[in-house]
Every structure is written in structure tokens, then in C-alpha cells.
Amino acid sequence: MTLPVTILLCVIALAVGAGVSGAICYRMGIEHRKKIAEAQIGSAEEEAKRIVEEAGKQAESLKKEKLVEAKDEIYRNRMETEKELKERRSEVSRQERRVQQKEETLDKKLEAVEKKDENVQRKLKQAESRLAEAEKVKESQLGELERISGFTTEQAKEYLLKSLEDDLIHEKAVKIASYESQAKEECEAKARQLISLAIARCAADQVSESAVSVVPLPNEEMKGRIIGREGRNIRALEQLTGVDLIIDDTPEAITLSCFDPVRREVARLSLEKLIQDGRIHPTRIEECVDKARREVEQVIKSEGERAVLETNVHGLNHELVKLIGRLHYRTSYRQNVLNHSIEVAHLAGMMASELGVDPTLARRAGLLHDIGKALSHEIEGSHVQIGVDVCRKYKESPEIIHAIEAHHGDVECHSVIAALVQAADAISAARPGTRSENFENYIKRLEKLEDICSSYDGVEKSFAIQAGREVRIMVYPDKVDDDQMVIVAREIAQKIEQEMDYPGQIKVNIIRESRAVEYAK
């Protein structure tokens with residue numbers, strides 16, 4: 001196809017050249033141009049013939065070459081196809097042989113399965129026939145048993161189940177009793193061991209507080225100076241401290257009587273300072289009482305810090321430390337509450353260590369369990385509830401609050417720490433000679449007497465003295481006048497009669513005092 005195109009192009013080129021030559025000849029002359037055109041046309045025709053002949057020769061040669069190449073390619077493809085076909089035939093033959101072998105194997109297995117199925121069916125039929133025979137025998141035996149026993153099948157089942165249930169209940173009760181007895185023996189032995197170990201390691205002092213304090217005097221003359229002119233000194237001291245001074249025939253001694261240990265301690269310190277100073281008059285008495293109160297507050301703080309250090313309890317709020325120190329002057333059934341709290345803390349901590357519980361938490365709960373007693377005469381409510389409120393106020397942990405709440409059994413113990421504090425409290429309180437119930441009732445009676453008196457409007461302070469046989473009430477002069485004093489005294493006396501049980505009679509003594517103070521500068 002390339003050669004004819006070339007020839008055609010050559011012919012076109014010659015035609016174009018002839019046209020151009022004709023145009024030139026036309027300009028030079030028609031004749032001249034005709035000659036040149038004829039000559040060129042002749043030469044072009046010869047050249048075209050030659051080109052065509054050469055093209056024909058090249059095409060023939062190329063055709064023969066392409067035919068030879070095509071025959072070679074066809075031969076190679078045929079050989080490759082025949083080879084591949086042979087390989088595929090051999091692979092198909094192998095696959096057919098494998099398939100045939102598998103079919104033979106499956107046939108054999110199928111035959112074996114069919115034989116087994118036949119055997120199973122035969123055995124199943126035999127089993128069914130035997131089961132039917134067994135059912136017949138069973139029915140005949142049950143019928144015979146029913147005839148002999150006089151029970152139907154359902155009645156016999158109920159009888160057997162009831163007998164079995166009774167036997168099981170008896171065995172279960174025996175087992176439970178055995179386990180309970182064993183557990184009690186083991187628990188009691190372990191508890192005795194732990195408690196005895198804790199008590200053996202805790203060497204706490206027994207402290208019995210009294211309701212009176214005795215102040216020694218350097219001489220008998222000092223009694224008159226303490227009484228003062230017309231009794232003004234002793235009256236001022238009793239009014240400021242709320243303590244009853246008993247000056248009797250006891251040589252060189254004055255007895256201070258008061259159920260509140262803090263007030264009694266303030267009065268004792270004040271009286272000792274006055275005796276040491278020698279100047280005894282109402283103004284000096286006021287100064288000494290104020291100074292003694294500050295010293296007692298310092299002692300309270302020191303005792304609280306001592307208790308915290310002794311029990312190794314850290315991180316307490318400083319107000320809680322002060323409240324713990326106030327327990328130094330509080331007694332419960334004649335047992336010092338601070339020493340009792342320290343003892344409970346040690347016992348609870350040692351028992352917690354033996355049981356693998358946090359001993360620090362146990363000591364903290366033991367130290368704080370009676371903290372409410374530091375405020376029990378100032379706030380209404382039981383010391384347990386007061387202690388819970390105080391510890392909740394100062395952000396103590398829920399475990400500590402629960403131990404305080406549960407140490408008297410007001411709520412059920414839900415933690416080991418609460419149970420340990422409860423046990424330690426009982427151990428500390430149950431020691432011989434530690435408590436006196438009569439004294440505690442006496443203290444509560446005096447506190448109630450003061451509470452009744454202080455509940456009236458216009459009352460500034462009230463002090464129960466003379467072992468509760470007299471109560472001295474100081475009123476605000478601007479709120480209660482002289483006429484109202486009689487009415488208030490009568491009302492208080494009637495309320496005491498209605499709400500309290502007491503031996504003998506109680507003297508209600510109301511004091512109204514007006515003072516005008518000015519300083520000369």
C-alpha cells in the first residue's frame with residue numbers, strides 16, 4: 001500500500017511541475033512552452049513507469065517475505081497449541097482417575113454406613129422390645145407393691161419425699177448447730193486472746209474524780225479574810241465561779257464544792273492565788289478569777305495536745321484538740337473522760353493491729369468517741385449526737401463519724417473500726433472501780449437543775465451548790481427588776497418541783513446586782 005501512494009504522489013508532483021512549466025512556457029511563448037511540456041511529460045512518464053516497475057518488484061518481494069513469516073508463525077502456534085492440549089488431556093486424565101478413586105472410596109464408606117445403620121436399627125428394635133418388656137414388668141411390680149403397701153404411686157412418692165425432707169432437715173439442723181458451736185468457740189477464743197493481749201499492753205491509770213476540792217490555808221486567820229466584811233469576799237468568789245465555799249471547823253482548810261470540775265478548778269486556782277498574794281477584796285478576786293480561767297484554758301489546750309501526741313493521732317482540727325482537752329475536767333461515772341478516751345484509743349488501735357485493720361484510724365475513732373461529753377452540758381442532745389455533729393462540722397471522715405454514732409449501739413455497726421471502738425469502750429468502762437453510777441446520776445441532776453434555771457429569760461448565770469440543795473441565779477438587772485425577781489423565783493421553784501426528783505428541798509436564790517464602773521484618768 002505504501003508504494004502505490006508514493007507513485008501517486010510522484011505523479012501528482014510531476015503534474016504540478018508540468019503545470020508550473022506550462023505557465024512559464026506560456027509567458028515565454030506558447031510554442032516554446034509546449035515543447036518543454038511535451039519533453040517533461042515524456043520524461044515523467046518514463047520515470048513513472050520505472051517507479052511503478054520498481055514498486056511492483058518491491059511489493060512482490062515484501063509479499064513473499066510476509067507469507068513466509070506467516071507460515072512460520074502458524075506452525076509455531078500449532079505446535080504450542082498441540083503441546084498445551086496434550087498437557088490438558090493428561091491433567092484431565094489424572095483428575096478423572098482421582099475422582100474415580102474418591103467415588104470408589106465413598107461407595108465403600110456408604111456401604112459401611114448402611115451396614116452400621118442396619119445394625120443400629122436392629123439393636124434399637126431389640127432395645128424397644130426389651131424396654132416394653134421392662135415397662136410391663138415395672139407396671140406389674142408397681143401394682144404388686146401398691147397391693148402390698150396399700151399406697152398408690154403418688155402417695156408413695158409423697159411419703160418418701162416427706163421422709164427424705166425430715167431427714168435432711170434434721171441433718172441440716174445438726175450441721176448448723178455444730179458449725180455455730182464451733183464458730184462461737186473459735187470466735188470467743190480469738191476474741192479473748194485479742195482483748196487480753198490489748199489489755200495486757202495497755203497500762204492506763206485509773207482516775208476517780210471527786211465533787212469537792214480542798215484548799216490548804218496557812219493559818220486560821222486566813223478564813224476570816226476570805227469571808228471578808230459581812231461576807232462580801234466569799235459572796236463575790238461564789239458568784240464569779242459558781243462554786244460553793246464550805247468554811248467549817250476543819251483546821252487550816254477550805255472545801256470547794258461543785259459538780260463542774262472546770263468551775264471547781266478555776267475557784268481552786270483563784271483561791272490559791274489570793275492566799276499567796278494576801279490581798280483579798282472583790283476587785284482582786286475578779287482579777288484572780290479571770291487569770292485562773294485563762295490558765296485553765298491553757299491547761300485544756302495542753303491536755304488536748306498531750307492526748308493527741310500520746311495516741312499518735314495527727315491532723316486534728318485545733319478546735320477538736322481543745323474539746324479533747326476539756327475532757328480532762330469531765331468525768332463519767334467518776335471516770336475521767338480524757339483518760340478513758342486515751343485508753344479506748346490504745347485498746348482499739350492494738351486490737352486493730354492484731355486484726356490487720358488500720359490502727360491509726362481506730363485510735364482516732366477511739367480518741368474522739370466521747371468528744372460530745374465536752375459540750376453535753378452546753379448543747380441539748382445526747383453526747384453521741386453532739387459528737388457526731390461536732391466531728392461532721394470539722395470534716396472528720398465518715399468512718400470516724402460512724403464509729404462515734406455506733407459506740408453505744410444507737411445504730412448498727414457497719415465497719416470493723418466501729419465494732420472495735422464499741423468493744424474498747426466497753427472494756428475501759430467495765431474495769432472494776434472505774435465508774436460509779438450514783439455519782440453520774442448526781443452530776444446529771446445538778447446539770448438539769450442549772451438548765452431549768454438558765455432557761456428563763458433574763459437569767460445571766462446559774463450555779464447549783466450545796467450538793468444540789470441550793471441554786472444561785474444571777475439575773476440581768478436591766479431585764480428583771482426587784483418585783484419580777486419574786487415571780488421568777490416562784491416559777492423556777494414550781495418547774496423544779498414538776499420536772500425533778502430530789503431529796504429534801506432546794507433553795508432558789510436569785511441575785512440582782514447593778515454596777516456602775518468608771519475610770520479616773
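**Overall make-up and packing of the chain**

Of the 521 residues in the chain, 33% count as buried (under 20% relative accessible area with a 1.4 Å probe and protein chains only, where exposed is over 50% and partly exposed lies in between). The model is a predicted one, in which local features need pLDDT of at least 70 and side-chain atom pairs count only at pLDDT 80 or more, while totals for chains, interfaces and linings use all residues. Residues are numbered from 1 along each chain as its sequence is written, and side-chain values use heavy atoms, with hydrogens and water left out.

The chain contains 15 helices and 8 strands, taken as DSSP runs (H or I of at least four residues for helices, E of at least two for strands) and numbered from the N terminus. Among contacts (heavy atoms within 4.5 Å) between residues at least 6 apart in sequence, 63% join residues at least 24 apart.

Strand β2 (residues 244-246) pairs with β3 in the antiparallel sense over 3 bridges; pairing requires at least two bridges found by DSSP. In this arrangement D244 stands opposite S257. The hairpin of β2 and β3 has 6 residues between the strands, and E252 takes a positive phi near 50° there.

Helix α7 runs over residues 282-311. At 1.5 Å a residue, its 30 residues should span 44 Å, and the distance of 43 Å between its end C-alpha atoms agrees with this; the expected span is 1.5 Å times one less than the number of residues. The buried residues of α7 include R284, I285, C288, V289, A292, V296 and I300. An α-helix has 3.6 residues a turn, so residues three or four places apart point the same way. The buried residues of α7 pack against α5 (232-241), α6 (261-277), α8 (318-326), α9 (337-355) and α10 (359-368). The side chain of R284 makes a polar contact of 3.1 Å with that of D277 (a pair of N or O atoms within 3.5 Å; within protein, one must be able to donate a hydrogen and the other to accept it, and residues adjacent in sequence count only if both atoms are side-chain atoms). Not counting residues up to four places away in sequence, R284 touches L274, D277 and R279. Just after α7, N312 takes a positive phi of about 60°.

A nonpolar core is a set of buried Ala, Val, Leu, Ile, Met, Phe, Trp, Tyr and Cys residues joined through side-chain atoms within 4.5 Å. In the largest such core, which has 40 residues, L316, L323, I324, L367 and L368 touch the most other members. Helices α7, α8, α9, α10, α11 (383-393), α12 and α13 each supply at least two residues of this core, and α9 gives the most, with 9 residues. Leaving aside neighbours within four places in sequence, L316 is in contact with V308, V321, I324, R364, L367, L368 and E396. A second, separate core of 26 residues includes L217, V243, I275 and C288.
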